[in-house]
Amino acid sequence: MSTASGPRVGLFVTCLVDAMRPQIGFAALQLLEEAGCRVEVPRQQTCCGQPAWNSGDAADAASIARQVIAAFEPYDYLVAPSGSCAGTITHYPELLARDPVWGPRAAALAAKTHEVLSFLVDVLGYTPTGLRLDASATYHDSCSGLRELGVHDQPRALLAAVEGLELRPLEGDNVCCGFGGTFCVKYPAISNAIITEKAEAIDATGADLLLAGDLGCLMNMAGKLHRRGSKVRCYHTIEIIAGGGAGPAIGETP
Amino acid sequence: MTAQDQTSFKARAGAALADTTLKLAIDRTTGTAERKRAAALAGFPEFEAARARGAAIKDHVIANLDHYLETFERNATAAGAKVHWAATAEEACDIVVRLCREADAKHVTRSKSMLGEEIHLPDALATAGIERVETDLAEHIIQLAGEHPSHIIWPAMHRTREQVAVLFNADHKPPPDAEDPASMVQSARRVLREKFLSADVGISGANFLVADTGATCTVTNEGNAELTTTPPRVHIVTAGIEKLVPTTAHAFALLRLLVRSATGGELTQYTTFHCGPKRPGDADGPEEMHIVLVDNGRSRMIKDEFREMLRCIRCGACMNHCVVYRQIGGHAYGGTYPGPMGAVLTPVLDGLKQSRDLPFACTMNGRCAEVCPVRIPLPTLLRAWRVRSWEEGLEKAPMRAGLGLWATLARRPGLYRLASAIAVRTLRVLGRSGWIRSLPLAGGWTEHRDLPAPAGGTFMERYKAERAKGDSR
Amino acid sequence: MTTRDSILAAVHAGLGGLRAEPDAIAAEAAGLLADLDAIRPRLAAPDPVDAFEIKAAALGTTIERVRHLDDVPAAVGRYLAAQGLPPAAAVQQTAALTALSWEGIAQDMATAPDQPAAVGLARLGIAESGSIVIHSATDSPILLAFLPLHHIVVLHASSVVAHLEDYARLLDGGSQPRNAILITGPSGTTDIEGSYVRGAHGPGFVHVIIVNDRSRA
């Protein structure tokens with residue numbers, strides 16, 4: 001239920017959610033509207049440009065950044081269901097530092113860019129009600145959200161409001177899963193060693209579910225867990241908060 | 001460059017990953033270091049404020065480096081030390097070898113110094129026919145093994161106690177009484193004690209150069225620096241020009257950060273200031289003190305995008321907390337300095353072309369910057385190397401082409417949506433079970449893990465359809 | 001151009017050719033040490049000597065407090081006996097110690113390479129870190145603190161300062177000796193698998209005898 005007075009939010013879906021798991025985007029949309037936002041999905045969005053930026057291709061990254069800035073600057077906020085993509089957008093000012101026109105516009109957008117779970121808690125003061133999920137879950141802190149945007153307590157606070165959900169601590173919850181964007185395909189052997197340790201730690205919790213806030217990390221962890229024959233099912237945290245815990249987990253068919 | 005650089009980074013990393021003993025050795029030491037650091041910070045709530053101040057002190061020094069270099073030179077000279085300047089590693093080695101020859105040195109003792117490793121001083125002394133005795137226990141181990149340090153704080157981190165026992169049993173006469181760490185340390189103490197007292201020259205590094213007193217500062221837990229720098233007739237210090245601090249009090253502010261970050265202690269057992277040679281009448285101490293100030297690329301860093309790297313106080317926390325270092329260890333990096341700080345510094349020292357993998361072999365998770373006691377933005381600096389790599393055309397053609405195609409699409413939202421819709425449908429066909437076990441062009445992914453198939457339809461398609469439905473109602 | 005001049009020129013050019021006045025640099029440097037309590041740990045106890053003792057003990061240093069300097073030789077004798085060592089030690093040849101009556105303890109004038117025990121006088125103690133400070137001098141050989149297995153240190157309670165900066169201040173004014181050493185616990189190493197072993201090259205045991213020469217309120 002969006003209200004006429006609520007903030008106008010531009011939802012940055014992210015390229016991975018768009019292609020691989022749209023329900024994460026719809027969960028974000030639903031919760032933002034429930035929390036009183038007027039949410040729009042600008043058509044001019046594709047990707048935040050992180051693959052180019054992390055590869056050193058600053059020119060392409062800057063050009064994609066300008067496109068994102070133009071598409072989202074009319075809104076009060078840019079909100080994304082990913083700490084990694086939102087984190088990249090907060091770095092646009094560095095990317096466009098020498099551009100007298102786009103530099104300030106990048107800074108203005110960066111200042112109103114948020115990861116969705118922290119936005120719900122910190123900005124909107126949202127607390128879910130009437131949620132129930134009888135399961136045990138463990139939570140991995142995706143690195144960009146944790147270190148670039150301070151996403152740590154907010155998802156845990158939201159999950160604490162889910163009745164019946166038991167949160168189990170994950171050894172090394174703040175340690176990278178080895179995804180790293182292009183890293184995992186450029187250095188597959190090193191990435192594999194890292195994700196193997198992560199999967200072992202996840203399995204050791206004995207939890208039914210693995211939750212995290214970034215689809216890239218989740219695909220890495222879910223893919224490794226499945227290859228190992230683990231029974232742990234993986235969801236984006238926002239799916240659980242939007243009441244999607246009964247739906248198919250990552251890699252499950254409906 | 002070191003001998004191991006002949007192989008590729010991927011080959012070295014692969015060999016390291018296959019070495020389960022190495023992994024065990026790394027886990028034992030980095031695990032302890034991580035826990036002890038965390039405990040030390042828990043007892044120092046002022047850490048965040050202290051590291052901001054530490055970064056500011058280093059920035060202040062670098063911003064006034066010419067002033068501090070001249071001040072240090074003046075005060076060290078006044079204290080009786082002789083200050084030498086070296087623009088390159090070769091010049092620095094030449095100076096040290098010349099000083100050793102002038103002292104008619106047959107054998108020299110050396111107290112661990114990463115700058116000494118950086119300039120390849122051990123090789124230079126060997127070439128000059130001067131017997132070198134490494135006195136730090138870890139350096140003693142790797143000297144016996146004929147290796148280079150794999151960590152800047154624990155150079156022999158890659159070796160298990162069993163492997164150390166093999167080395168000591170072969171070299172120490174008599175061999176250690178037993179193969180536990182305590183017996184082996186006792187044996188090294190016995191063997192090295194006589195070397196300390198008969199050395200002609202003692203060579204140390206410096207953790208700090210104190211501008212207003214002209215003193216150099218070493219930090220060791222074993223006491224080997226003092227035993228290296230006191231008995232011989234000549235004491236030679238090699239130090240990078242970024243090691244300056246304005247006063248002793250500034251050194252203390254940084255020491256609080258350094259020690260907690262490195263070993264989890266509050267102050268290392270021996271923090272020693274060396275100011276000139278022995279004074280008239282002093283009971284002991286060297287008759288000559290020489291300080292070799294080494295540039296080796298540092299002055300260049302002042303004006304480029306790597307200036308913040310000059311803050312580094314060499315604590316090793318970044319590597320202890322690095323997921324990649326903890327899998328492959330230090331030798332795989334191929335340079336003097338491993339881990340995140342090494343991935344920034346090695347391209348400075350050895351050239352980007354030779355070490356191009358290092359800035360890329362990083363997941364950009366940011367933990368190194370989070371633990372850095374002087375707030376060096378390591379991922380930002382690694383990214384700066386990636387930009388240089390792209391601009392200098394060092395990126396391989398397939399990656400360039402792939403990214404180019406992707407960027408072309410990403411700039412054309414209509415075309416992008418068409419392409420992603422097709423890709424999603426293709427992947428859905430390949431992954432009817434929900435998972436894709438093998439995918440051409442994505443072997444790096446599917447070799448080690450399954451790829452979840454897309455859940456169905458892109459968000460943008462479904463959103464458009466739902467809105468259309470909503471409007472028609 | 002000499003190497004020195006070319007390095008300084010490269011540094012200067014890297015800094016944009018600008019150079020602040022020395023007074024301005026000194027003022028900025030001093031400002032970086034303002035409000036020290038915000039960037040250093042608090043003492044482990046309100047009284048600096050108590051704080052010193054807590055910190056030093058945590059490092060494995062053993063401590064005995066005595067009333068007078070005259071009590072030191074007896075305390076040394078007790079320590080040596082408790083350690084099962086013969087009643088002999090190298091005693092630092094400094095007036096405060098040589099003036100004492102060492103009856104019953106054989107004094108070595110020089111420190112042997114495998115000296116079991118030596119007695120030295122600390123210049124200072126630092127409460128923050130539990131460190132003792134020694135300076136090189138005509139009556140203070142550095143090796144006395146490094147060659148023995150047991151380093152016995154006499155510390156006057158009145159010479160315990162609170163923080164590292166309090167010691168740094170005492171060094172100001174050109175009084176820096178050749179060696180100023182902060183000793184913080186016994187020599188140790190973690191170089192083999194990170195496991196801690198005492199007595200790497202320096203003393204494996206540090207015993208501090210605190211002489212209570214302060215007038216207590």
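For residues 69-294 of chain B, an unreviewed UniProt entry lists "domain: LUD". The structure shown here is a predicted model. In this model the stretch 69-294 of chain B is 42% helix and 21% strand.

A separate division of chain B gives two domains, with domain 1 covering 3-299 and domain 2 covering 397-472. Taken over C-alpha atoms, the centres of domain 1 and domain 2 of chain B are separated by 53 Å.

Chain B touches chain C. On the chain B side 79 residues take part in this contact, and on the chain C side 61 residues do. Several elements of chain C each supply at least two residues to the side that touches chain B: H1, helix H2 (22-31), helix H6 (164-171), strand E9 (179-183) and strand E10 (188-189). H1(C) gives the most, with nine residues. By class, the side of chain C that touches chain B consists of 31 nonpolar, 21 polar and nine charged residues.

The contact of H4(B) with H1(C) has four nonpolar residues, one polar residue and one charged residue.

Another part is a pairing of strands. Strand E9 of chain B, residues 270-274, is joined to E9(C) by five bridges, and the two strands run antiparallel. Within E9(C), Ala180(C) stands opposite Phe273(B).

Chain B also touches chain A. Here 50 residues of chain B are in contact with 57 residues of chain A. Which element of chain B gives the most to the side that touches chain A? That element is helix H21, residues 413-430, with five residues. The side of chain B that touches chain A divides into 28 nonpolar, 13 polar and nine charged residues. The residue range of H21(B), 413-430, falls in domain 2 of chain B, which covers 397-472.

Methods:
Residues are numbered from 1 along each chain as its sequence is written. Chains are lettered from A and ligands numbered from 1 in the order in which they are written. This is a predicted model: local features need pLDDT of at least 70, side-chain atom pairs count only at pLDDT 80 or more; totals for chains, interfaces and linings use all residues. Domain bounds come from an automatic or database domain assignment. Ala, Val, Leu, Ile, Met, Phe, Trp, Tyr, Cys and Pro count as nonpolar, Asp, Glu, Lys and Arg as charged, and the others, Gly among them, as polar. Two residues are in contact if their C-beta atoms, placed from the backbone, lie within 7 Å. Helices (H or I, at least four residues) and strands (E, at least two) are DSSP runs, numbered from the N terminus. Two strands pair if DSSP finds at least two bridges between them. UniProt positions are given in the numbering used here, feature names are shortened, and annotations may be inferred rather than shown by experiment.
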